[in-house]
Number of protein chains: 2
Amino acid sequence: MNEKLTEQERATALAPLLAAGWQMVEGRDAITKTFTFPNFIDAFGWMTRVAIWAEKWNHHPEWFNVYKTVNVTLSSHDVDGLSERDVKLATKMDKLA
Amino acid sequence: MNEKLTEQERATALAPLLAAGWQMVEGRDAITKTFTFPNFIDAFGWMTRVAIWAEKWNHHPEWFNVYKTVNVTLSSHDVDGLSERDVKLATKMDKLA
């Protein structure tokens, strides 16, 4: 079962992401980050790699792309907030960027 | 040179798109449409095909994806409004969907 992050998990798992440029979304238990690439090929190439991981893990981002910029929001619908799956996908996104 | 669509071009080129589900964006010379697919693989697969055409034509969409839904907005920055390139990309998007 996927579960909402506890306060302790937020301190340990979420803190490194917030230090790496992720931010809490105003009024919602979600995190967001804007990734900027040299060009569209790099931006969409990154999205494609993330997309395959997302599908493999059955956890999909909300994302908005314009040319070389991708704004991502992560949250878990099934728990109505942040879960371990968001931490995992966010960490993967940072690694792939 | 890319140029803004004339009134006459809007009547001929834009009308079929508006009849096919594209809508004018409020307060902006742009068109938008939401595409819905059976699942994420189909949604992102479609985005990937569109992305390669977009790069080939050097005309990129603004698009937002959540799972099986993709909301697209098209406009041409260089002419600050709709151009023939938006009509071309919108038509291709419809064909590929």
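Predicted model: local features only at pLDDT ≥ 70, side-chain atom pairs only at ≥ 80, totals over all residues.
1. Extent of the interface. Between chain B and chain A an area of about 1500 Å² is buried, and carbon and sulfur atoms give 74% of that area. In chain B, the residues that lose the most area to chain A are Phe40(B), Phe44(B) and Trp63(B), which together account for 34% of what that side buries. Counted by residues in contact, 15 residues of chain B meet 15 residues of chain A.

2. Polar and charged terms across the interface. The rule finds zero salt bridges between chain B and chain A, while two residue pairs are in polar contact across the interface, both at pLDDT 80 or more. On the side of chain B that touches chain A, the elements giving two or more residues are helix H2 (40–56) and strand E3 (62–66) of chain B. Of the elements on that side, H2(B) gives the most, with seven residues. By class, the side of chain B that touches chain A is made up of 10 nonpolar, three polar and two charged residues.

3. Strand pairing between the chains. Strand E3 (residues 62–66) of chain A is joined to E3(B) by five bridges, and the two strands run antiparallel. Within this pairing, Phe64(A) has Phe64(B) as its bridge partner in E3(B).

4. Salt bridges, and Asp29(A) in particular. Over all chains, a search of the whole structure finds eight salt bridges. In one of them the side chains of Arg10(A) and Asp29(A) meet, with an N to O distance of 2.9 Å. This pair links distant parts of the chain, since Arg10(A) belongs to helix H1 (residues 7–19) of chain A and Asp29(A) to the loop between E1 and E2 of chain A, 19 residues apart. Both Arg10(A) and Asp29(A) are buried; for Asp29(A) the relative accessibility is 19%, and it counts as buried because that value is under 20%. A polar atom of the Asp29(A) side chain also lies 3.0 Å from the backbone nitrogen of Leu82(A). Leaving aside residues up to four places away in sequence, Asp29(A) touches Lys4(A), Arg10(A), Met24(A), Ser75(A), Gly81(A) and Leu82(A).

5. Met24(A), a contact of Asp29(A). Met24(A) lies in strand E1 (residues 23–24) of chain A and is partly exposed, with a relative accessible area of 38%. Its contacts, again not counting residues up to four places away in sequence, are Leu14(A), Leu18(A), Asp29(A), Ala30(A), Ile31(A) and Leu82(A). The C-alpha atoms of Met24(A) and Thr73(A) are separated by 9.4 Å, the two residues being 49 residues apart along the chain.

6. Two further salt bridges in chain A. Lys33(A) forms a salt bridge with Asp94(A), in which the closest N and O atoms are 2.8 Å apart. Here too distant parts of the chain are linked, with Lys33(A) in strand E2 of chain A and Asp94(A) in helix H3 (residues 84–96) of chain A, 61 residues apart. The two partners fall into separate accessibility classes: Lys33(A) is buried, with a relative accessible area of 14%, whereas Asp94(A) is partly exposed, with a relative accessible area of 22%. The side chains of Asp78(A) and Arg85(A) also meet in a salt bridge, at 2.6 Å from N to O, and Arg85(A) counts as partly exposed at 24% relative accessibility.

7. Backbone angles to check. Most residues other than glycine have a negative phi. Tyr67(A), however, has a phi near 50°, a positive value in a residue other than glycine; Tyr67(A) is found in the loop between E3 and strand E4 (69–74) of chain A, and it is partly exposed, with a relative accessible area of 38%. In chain B, Asn58(B) is likewise not a glycine and has a positive phi of about 50°.

Key
Residues numbered from 1 in each chain as written. Chains lettered and ligands numbered in written order. Heavy atoms only, no water. Helix = DSSP H or I, 4+ residues; strand = E, 2+ residues; numbered from the N terminus. Buried < 20%, exposed > 50% of the residue type's maximum accessible area, 1.4 Å probe, protein only. Contact = heavy atoms within 4.5 Å. Polar contact = N/O pair within 3.5 Å; in protein donor to acceptor, adjacent residues only side chain to side chain. Buried area = accessible area lost by both parts, 1.4 Å probe. Salt bridge = Lys/Arg side-chain N within 4 Å of Asp/Glu carboxyl O. Nonpolar A, V, L, I, M, F, W, Y, C, P; charged D, E, K, R; others polar. Pairing = 2+ DSSP bridges.
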